[in-house]
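Q: Hey, can you walk me through the charged residues in this one? I'm still new to reading structures.

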Amino acid sequence: MDRFDAGTQPAGRPPAPGRLGFVQAFLNTFWDLDGDGAEVWSTPAAYGAWLEARGFDGAATEADLERALDLRKALRGLCLANHDAADVPEVLAVLDVIAADVAPKAALAPSLSTGALDPTGDGPDAACALALGIVFAARADGSFARLKACPHAHCGWAFYDGSRNRSGQWCSMRICGNRTKGEAFRRRRGARRP
C-alpha cells in the first residue's frame with residue numbers, strides 16, 4: 001500500500017491529493033468504511049498492522065496507541081474547524097504537546113527540494129511525526145483548509161473538499177447531507193404540530 005493513499009471514500013468522493021492522503025487515512029481509522037464500521041485501531045497490534053501497511057515498523061505499545069488516538073482526535077478538531085475557518089487554540093496546544101514528544105524521537109528532517117518535513121526514524125513516533133509534518137506544510141500552503149471532518153453526529157469522516165468555493169459540508173451529500181437535511185425537516189415539522 002502507498003503510504004499516502006487515503007483509500008476508499010464515501011459515495012466515490014475523490015481522496016485528498018498527494019501527501020495529505022496520509023493525514024486523511026490517519027484520521028479515518030476510527031471507522032472501517034470497507035468493513036463493519038469498527039475502530040480500526042482497537043489494540044496496539046491493530047495500530048501496528050496499520051503502521052506496517054504504510055511502511056513503518058509496526059511494533060506499537062499501548063502508549064503509542066494512546067498518542068495516536070490523541071493526535072487523531074486533535075487533527076479531527078482542526079478539520080471540523082475548517083468548515084468555518086475557526087480558531088482552535090486548545091486543539092493547537094494539544095498538537096504542540098504531541099509534536100514536542102514525537103518530533104525529536106522521529107528526527108523530522110526538512111527537505112527544501114520537496115518542501116516537506118519527513119521523519120528519518122521509523123515506527124509509531126515517525127508516523128505521528130509524518131502526520132504533523134504534513135499538516136504543518138499543508139497549513140502553510142493553505143491546502144489543509146480543504147481537509148474537513150463531516151459534522152454529522154454519527155459520522156466524522158475526514159474528506160477533501162474539492163469544491164471551487166470550499167463549501168463542502170458533508171462526507172457525501174447522498175449520505176450525511178441527506179440525513180442531516182431529513183433530520184432538520186423532521187424537527188421543523190414536529191415543532192409545528194400542536
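Predicted model: local features only at pLDDT ≥ 70, side-chain atom pairs only at ≥ 80, totals over all residues.

Q: OK, how many salt bridges does the structure hold?
A: There are 8 salt bridges. One of them joins the side chains of Arg72 and Glu39, at 2.8 Å from N to O. That pair links distant parts of the chain, 33 residues apart: Arg72 is in helix H3, while Glu39 is in the loop between helix H1 and helix H2.

Q: Why would two side chains pair up like that?
A: When the charged atoms of side chains with opposite charge come close, they can pair.

Q: What about Asp125, which residue does it meet in a salt bridge?
A: Arg67 is one partner, at 2.9 Å from N to O. Asp125 sits in helix H5 and Arg67 in helix H3, so this pair ties together parts that are 58 residues apart in sequence. Asp125 has 14% relative accessibility and counts as buried; Arg67 also has 14% and counts as buried.

Q: You said "one partner". What else does Asp125 meet?
A: Lys105, in a salt bridge of 4.0 Å, N to O. Here helix H4, which holds Lys105, is linked to Asp125 in helix H5, and the two residues are 20 apart. Lys105 is partly exposed, with a relative accessible area of 46%.

Q: So which residues are linked in that network?
A: Asp64, Arg67, Asp101, Lys105 and Asp125 are linked by salt bridges.

Q: Which residues gather in a patch of positive charge on the surface?
A: Arg187, Arg188, Arg189 and Arg192 do. Arg192 is in helix H6, and it counts as exposed because its relative accessibility is 63%, with the cut-off at over 50%.

Q: Last one: what's the phi of Ala85?
A: Near 55°, which is a positive value in a residue other than glycine. Ala85 is in the loop between helix H3 and helix H4, and at 70% relative accessibility it counts as exposed.

Note on methods:
Residues numbered from 1 in each chain as written. Heavy atoms only, no water. Helix = DSSP H or I, 4+ residues; strand = E, 2+ residues; numbered from the N terminus. Buried < 20%, exposed > 50% of the residue type's maximum accessible area, 1.4 Å probe, protein only. Patch = residues over 30% accessible without salt bridge, like charges linked within 9 Å, V, L, I, M, F, W, Y side chains within 5 Å. Areas by Shrake-Rupley, 256 points an atom, 1.4 Å probe, with all protein chains shown as cover. Lys, Arg positive; Asp, Glu negative; His and termini not counted. Charge placed at Lys NZ, Arg CZ, Asp CG, Glu CD.
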